Amino acid sequence: MRQGLLAAWPVALGYFPVAVAFGMAGASAGLAPWAVALLSLFVFAGASQFAFLGLLAEGASPWLAVGVALLLNLRHAFYGPALRPYLAGHPVLAFFLTDEVFAVALKSLPGLPEPARTGFFLGLGLGAYLAWNLGTLLGVFGAAGLKGLPGAEEGLSFALPALFLLLALPHLRNPVALGAGLLAFALHLLGQTAWGLVLAGVLGFLWRRP
């Protein structure tokens, strides 16, 4: 587990400011601080949490917000089969599966001895989870003070794209990952970002690995 916790620091470093932004957004949307904190504690899915929060702030039905959040997390259906050869028999660990945890795990797990893989993934997931929840608490309870800092909101919003880019770079040497990434980017430029993510996942899933 210690090795996983050490490997989690880049993810935690990227998660923390984004979670602060989420906490601030929750406070701005008028949600009770405990409700914002519970979202991070029990959902732990950044994009889904932001979507849930945005829809509630627009006055949408909570059921619609939950449905959209679940749809966003459907992309994780592509992650499970990729990790299953290394974590078979440990479905509870799926709670800690996020985009960034998946990227680090997929690169690290094949090189680890089998008995160490579960502990590594658990440490990796816990590191990311703790950073996300601590950031949320800082954001929701310190929102008033943080908003007064010059450039704070712009800097926080840039943290997650920067983290994605950092984690994606080592995978671009793999032609499958590169092809899927180019497809997603092309569709994003055409204004079809959501379809791009889904089709890139399908392409990566079906394309035989070299």
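**Helix packing and the nonpolar core**

Helices α6 and α7 are roughly parallel to each other, because their angle falls under 35 degrees. This is a predicted model, in which local features need pLDDT of at least 70, side-chain atom pairs count only at pLDDT 80 or more, and totals for chains, interfaces and linings use all residues. Residues are numbered from 1 along each chain as its sequence is written, and side-chain values use heavy atoms, with hydrogens and water left out.

**α6 with α7**
- The axes (lines fitted to C-alpha atoms over the stretch in contact, with angles from 0 to 180 degrees between N-to-C directions) of α6 (residues 76-87) and α7 (residues 99-108) come within 11 Å and cross at roughly 25 degrees.
- Helices here are DSSP runs (H or I, at least four residues), numbered from the N terminus.
- On the α6 side, His-76, Tyr-79, Ala-82, Leu-83 and Tyr-86 are in contact (heavy atoms within 4.5 Å) with Asp-99, Phe-102, Ala-105 and Leu-106 of α7.

**The largest nonpolar core**
- This core (buried Ala, Val, Leu, Ile, Met, Phe, Trp, Tyr and Cys residues joined through side-chain atoms within 4.5 Å; buried is under 20% relative accessible area with a 1.4 Å probe, protein chains only) has 34 residues.
- Among the residues with the most contacts inside the core are Tyr-15, Leu-83 and Leu-124.
- Helix α8 (114-141) gives the core its largest share, eight residues.
- Beyond its neighbours within four places in sequence, Leu-124 touches Gly-4, Leu-5, Ala-7, Ala-8, Val-101, Val-104 and Ala-105.

**α2 with α3**
- The axes of α2 and α3 come within 9 Å and cross at roughly 140 degrees.
- Phe-22, Gly-23 and Gly-26 of α2 meet Val-36, Leu-39 and Ser-40 of α3.

Conventions
Helices (H or I, at least four residues) and strands (E, at least two) are DSSP runs, numbered from the N terminus. Angles under 35 degrees count as roughly parallel, over 145 as roughly antiparallel, 65 to 115 as roughly perpendicular and the rest as oblique. Buried means under 20% relative accessible area, exposed over 50%, partly exposed in between (1.4 Å probe, protein chains only).
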